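Trainee: I am meeting this structure for the first time. Would you take me through what its chains and strands show, one question at a time?

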There are 4 protein chains.
Amino acid sequence: MDAICNKIRTSFSKQGFMKTLGAQLENIDRGEVSISCSLNEGVSQQNGFFHAGVLVSICDSACGYAALTTMPLEADVLSVEFKINLLRPSNCDQILAVGTVLKAGKTLTICEGEVKDKDSGKLLAKMTATMISIQKNG
Amino acid sequence: MDAICNKIRTSFSKQGFMKTLGAQLENIDRGEVSISCSLNEGVSQQNGFFHAGVLVSICDSACGYAALTTMPLEADVLSVEFKINLLRPSNCDQILAVGTVLKAGKTLTICEGEVKDKDSGKLLAKMTATMISIQKNG
Amino acid sequence: MDAICNKIRTSFSKQGFMKTLGAQLENIDRGEVSISCSLNEGVSQQNGFFHAGVLVSICDSACGYAALTTMPLEADVLSVEFKINLLRPSNCDQILAVGTVLKAGKTLTICEGEVKDKDSGKLLAKMTATMISIQKNG
Amino acid sequence: MDAICNKIRTSFSKQGFMKTLGAQLENIDRGEVSISCSLNEGVSQQNGFFHAGVLVSICDSACGYAALTTMPLEADVLSVEFKINLLRPSNCDQILAVGTVLKAGKTLTICEGEVKDKDSGKLLAKMTATMISIQKNG
């Protein structure tokens, strides 16, 4: 898992968009990865809450990296599709997205993701996602 | 439509996250709204392409505003859920998201969204979304 | 819950399609309903396994009835949308679909559903669904 | 296309579930397949309309076969996932599901499907689906 953790941390640090969001890679376990984000004006929608796109972005990344923990070290991952249900307005200070592998496969890995209010643990959104393993080119 | 256009432009300008993305509100027609975004490091994933979360964020906003054009002036809109299929890597300079109303209802409005390479017109992603009309509070 | 159980059992018995599938209403708890189905040629696809449409149909019904357990007695329920990931071929004798309420609301209720091989408990499919409460007419 | 049409017609005729529904394979074109179904008690829900599961089942099959028209003759196809938005109650005599390929790939093919009232052409439901190409065994 050490090499995979390093691979994920390096990949995360190369994502300009995660920097833009101020997102933090929290935990990496086999089949489960979590990412958090703090509220600021730059991630808000018109009412000052987290924009749904922010929840989706960190949850998609958490699911993708969770899938990556179950793949060979040389694999890379792409999102094929995902769906998210937004259960409540995200009017909180910090959100935590946890991506979990439901079924790991050679080509496709199916994940589910939950986004919670980090303080209260209240469920804000639920995602299911299909990830595809690809060979890294370079 | 003038009052609705103004309402949408005002709402868009209040979304800190759209500013963060450098997203531009392009067109507003009854039942169809488009939003564009230019590539820069702050919206990229680890390979330098647009992050899927960026496509999703502007496409969700385009769908939400498209729904708003079919609702009474005093209504506001929230995303209930959406699903997106990512068809190709977004290695282009500009993306254009077009949200279109499939079925307008009193409570729920169903939209579809397409994200394209703005130059070539190539389809990058396809979304379907459920929007709910809510009464603005204040 | 007794009146709600009766309402659900009556509604289930009126669904010609559930009869066609030979589906059985298994359990009704507040926020959770399960439905099973046995394999026969009439529910099979070209390889003799359960057709994906059968999994979806009983899982959608299980989610809808789960939503109904959290609504007022006079309410009825309609599926707004659902998404399902099919994780494995359903080459088993019996399937069990369990629908669970993730978030109950006045208008919308969000559910998740799991379809399992009834014998082994292996997860075959995962659904998320949006249900809307409507007033019964007659 | 003749060999592919034959392959699809043979596969369709082996689906016990399509027989159960009384579904008819209507048209096969490259990238587009349509399937219809007539209302009868055996495909109805509690109000006598088409059960959502019936729409989904024929639309999933239409999408799968549409994908198959773009694949090598020896390939078979499985549904990875699909999502459907149900736009209106299906209180009509006949429904027509049309599956169309959005993006054909070597491994994955993304389709969209529409279910309409066959007489009025009114849109009843919209699906997006991910199909995977597999090698036939036997």
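**Chain pairs, strands and salt bridges**

Mentor: Strand E3 (residues 75–86) of chain A pairs with E3(B) in the antiparallel sense over five bridges. This is a predicted model, and every value discussed here is computed from it.

Trainee: Within that pairing, which residue of E3(B) is the bridge partner of A:Ile84?

Mentor: The two E3 strands, one from chain A and one from chain B, run antiparallel. In E3(B), the residue paired with A:Ile84 is B:Phe82.

Trainee: What area is buried between chain B and chain A?

Mentor: The contact involves 33 residues of chain B and 33 residues of chain A. Carbon and sulfur atoms give 54% of the buried area. B:Phe17, B:Gln46 and B:His51 supply 24% of the area that chain B buries against chain A, more than any other three residues. The area buried between the two chains is about 2,600 Å².

Trainee: Which element gives the most residues to the side of chain B that touches chain A?

Mentor: Between chain B and chain A there are 14 residue pairs in polar contact, both residues being at pLDDT 80 or more. The elements of chain B that give two or more residues to this side are helix H1 (2–14), helix H2 (16–21), helix H3 (52–68) and strand E3 (75–86). With nine residues, the element that gives the most is E3(B).

Trainee: Turning to chains C and D, which three residues of chain D lose the most area to chain C?

Mentor: Here 33 residues of chain D are in contact with 33 residues of chain C. The two chains bury about 2,600 Å² between them, 54% of it on carbon and sulfur atoms. Together, the three residues account for 24% of what the chain D side buries: D:Phe17, D:Gln46 and D:Phe82.

Trainee: Which residue in E3(D) stands opposite C:Glu81?

Mentor: There are zero salt bridges between chain D and chain C, and 14 residue pairs are in polar contact, both at pLDDT 80 or more. E3(D) gives the most to the side of chain D that touches chain C, with nine residues. Strand E3 (residues 75–86) of chain C pairs with E3(D) in the antiparallel sense over five bridges. The residue opposite C:Glu81 is D:Asn85.

Trainee: Within chain D, what is the bridge partner of D:Val98 in E5(D)?

Mentor: Strand E2 (residues 32–38) and strand E4 (residues 94–103) of chain D run antiparallel and are joined by seven bridges, with D:Val98 in E4(D) as the partner of D:Ser34. E4(D) also pairs antiparallel with strand E5 (residues 108–117) of chain D over eight bridges, and these two strands form a hairpin with four residues between them. In E5(D), the partner of D:Val98 is D:Glu114.

Trainee: In chain C, which residue in the turn between E1(C) and E2(C) has a positive phi?

Mentor: Strand E1 (residues 24–29) and strand E2 (residues 32–38) of chain C run antiparallel, joined by five bridges, and C:Gln24 stands opposite C:Ser36 in E2(C). The two strands form a hairpin with two residues between them. The turn residue, with a phi of about 85°, is C:Gly31.

Trainee: Is A:Lys126, a salt-bridge partner of A:Glu114, buried or exposed?

Mentor: A:Glu114 forms a salt bridge with A:Lys126, with the closest N and O atoms 3.0 Å apart. A:Glu114 lies in strand E5 (residues 108–117) of chain A and A:Lys126 in strand E6 (residues 123–135) of chain A, so the pair ties together parts that are twelve residues apart in sequence. At 24% relative accessibility A:Glu114 is partly exposed, whereas A:Lys126, at 3%, is buried.

Trainee: Which residues of chain C are linked with A:Glu114 in a network of salt bridges?

Mentor: The side chains of A:Lys116 and A:Glu114 meet in a salt bridge of 3.6 Å, N to O. The side chains of C:Lys116 and C:Glu114 likewise meet at 3.6 Å. The network includes A:Glu112, A:Glu114, A:Lys116 and A:Lys126 and, from chain C, C:Glu112, C:Glu114, C:Lys116 and C:Lys126.

Technical notes: Residues are numbered from 1 along each chain as its sequence is written. Chains are lettered from A and ligands numbered from 1 in the order in which they are written. This is a predicted model: local features need pLDDT of at least 70, side-chain atom pairs count only at pLDDT 80 or more; totals for chains, interfaces and linings use all residues. Side-chain values use heavy atoms; hydrogens and water are left out. Contact means heavy atoms within 4.5 Å. Buried area is the accessible area (1.4 Å probe) that two parts lose on being put together, summed over both. A polar contact is a pair of N or O atoms within 3.5 Å; within protein, one must be able to donate a hydrogen and the other to accept it, and residues adjacent in sequence count only if both atoms are side-chain atoms. Two strands pair if DSSP finds at least two bridges between them. A salt bridge is a side-chain nitrogen of Lys or Arg within 4 Å of a carboxyl oxygen of Asp or Glu. Buried means under 20% relative accessible area, exposed over 50%, partly exposed in between (1.4 Å probe, protein chains only).
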